[in-house]
Amino acid sequence: MPLQDLPSGTVQGSMLSQSNKMNKRKSSGGFLSEGLDMECTPTESIMQFSPHHKHQRLLSMGKENDCNQFVLNRRSRRKKESMSSGISWDHLPDELLLRILFYVPLQDLCRMSSVCKRWHRLALDESLWHSVDLEGLTHVGPALQQVLKNGVHMLRCPRSFVEDFHFSGSGPLQMVLMDLSSSIIPSSSLESILSHCRLLEFLSLEALQLSDNIISCLSMNPNLLQLNLSGCSGFSAPALAHMLKSCSRIEQLNISWCEFDNDHVKSVVNNLNPAVTHLNLSGYREGLTLEDVKGLVTRCPNIQALDLSDSTLLMADSFPVLRQLKGLLHLSLSRCYHIHLAALTDLGSMFPLLSLLDVFGIVNDSHLSSLKKELPRISINSRPFSSIARPSPSSGLTGGFMWNRKCQLRFKL
């Protein structure tokens, strides 16, 4: 049917009616709250409900709940732990972890060994236990047992208390350097350790109670170069002679102030390595005679440092005998009271290479200056303590060092 023209009043009325409806909605806030379900709702009006940088979903509860709208924010995915906190320890290779553990103190390394199987394996790796310092610790028996099983090569354990224990290892130990000076350790425990040693080159047992069995264990180390038995006791002269014959490479021997008689002294003089260069035979008062000095000089002509202190039978007639030591650099005659001051002035011409002379107790302070003038190129009384075969000489390095080598794994208080 043909379209009919609407009266202008009708059109205007219809438009007016539509405008009124829109005004009512605006006045009641309907445009902001209810207008979201309209087809022509502007995007800007929706976005004003959302926080910035969030992806949202808008839900309507229906016509009956047009005023209750929900805004759902999608939470961003959590980043992987490796990206937020760095690389995991589990991703590090064994070589790098071992390098890190190399700087960890002993007590912390023991704690780390109980974290997991992998850390237990790494914490007990032989490369970390190559050199260990247990100086001054008490009740060190269990720790010492574990250290020995871990293949230690250098063990520094002076002035420690080792309770009675028996080393239960099966094969030979890898020990090359060991210092147990002035420790409290039962002879049976010490014997159980030394009976497994075959590679010792540097050993200090100063001030320990020994036995013939322990001395026999030492004879199974033919590569022994420096041996310090100063102040030791409890072994016989035949056991000492057998050990010195077996250890034919000893270069430095400190066997001073032991509970020796003349038979012990003769065992040293008659069986010592002829190539020895440093020897301390001090402290034997009447146990060392001029005949012993003659035998020593004849057997060991390469001695460079010789300590005969506290040998009260020695007199100035021993100087022509000692003169056979052409390479003598250091001579100690402290408290050899039968050697007079006038005889000491001849030492400069007798020993052209002599640079150190110790005469404590036989030269008082008033005569010391005049003796120094007579012997200007010789340092007199500059070494109050002998450093022969000692792991930590007073003039050398201390604090983890022995025989000028530093122990890496230490117990830090």
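Predicted model: local features only at pLDDT ≥ 70, side-chain atom pairs only at ≥ 80, totals over all residues.
How many bridges pair β5 with strand β6, and in which sense, parallel or antiparallel?

1. Strand β6 covers residues 202-204, and β5 pairs with β6 in the parallel sense over three bridges. Within this pairing, D179 stands opposite S204 of β6. As background, strands of a sheet pair through backbone hydrogen bonds, in either a parallel or an antiparallel way.

2. The whole sheet. The two strands belong to an open sheet of twelve strands with parallel pairing, ordered β13-β12-β11-β10-β9-β8-β7-β6-β5-β4-β3-β16. At the edges stand β13 (379-380) and β16 (409-410); each has a single partner strand, so one side of each has no neighbour in the sheet.

3. Overall make-up. The protein contains 17 helices and 16 strands. It has 413 residues, and 43% of them count as buried. Among contacts with a separation of 6 or more, 61% join residues 24 or more positions apart.

4. The largest pocket. The space in the largest pocket is about 440 Å³. Its lining consists of 28 residues, and those closest to the centre are D307, S332, F385, S386 and S387. Four strands each supply at least two lining residues: β9 (278-280), β10 (305-307), β11 (330-332) and β12 (356-358). Sorted by class, the lining has 14 polar, eight nonpolar and six charged residues.

5. Helix α5. This helix spans residues 94-101, and its buried residues are L97, L98 and L101. Viewed down the axis of α5, the buried residues fall within an arc of 100 degrees, so they line one face of the helix. The general rule is that an α-helix has 3.6 residues a turn, so residues three or four places apart point the same way. The cover over the buried residues of α5 includes α6 (106-112) and α7 (117-123).

6. R159 lies in the loop between β4 and β5, and S160 is placed in the loop between β4 (154-156) and β5 (177-179). Are these residues buried or exposed? S160 is buried, with a relative accessible area of 2%, whereas R159 is partly exposed at 47%. Leaving out residues up to four places away in sequence, S160 touches L134, E135, G136, L137, S183 and I184.

7. Positive phi values. Most residues other than glycine have a negative phi. R159 is not a glycine, yet it has a positive phi of about 55 degrees. A389 is also a residue other than glycine, and its phi is positive, near 65 degrees. A389 sits in the loop between β13 and β14 (401-402). A389 is buried, with a relative accessible area of 0%.

8. L328. This residue is in the loop between α14 (319-322) and β11. L328 counts as buried because its relative accessibility is 0%, and the cut-off for buried is under 20%. Apart from neighbours within four places in sequence, L328 is in contact with I303, Q304, A305, L306, F351, L353 and L354. L328 and H278 are 50 residues apart in sequence, and the distance between them in space is 9.8 Å, C-alpha to C-alpha.

Notes: Residues numbered from 1 in each chain as written. Heavy atoms only, no water. 1 Å grid on protein atoms, 1.4 Å probe; cavity = no way out; pocket = protein on both sides within 12 Å on 5 of 7 lines; lining within 4 Å. Points joined across faces, edges and corners; volume = space filled by probe spheres on them. Nonpolar A, V, L, I, M, F, W, Y, C, P; charged D, E, K, R; others polar. Buried < 20%, exposed > 50% of the residue type's maximum accessible area, 1.4 Å probe, protein only. Arc of directions from axis to C-beta. Contact = heavy atoms within 4.5 Å. Pairing = 2+ DSSP bridges.
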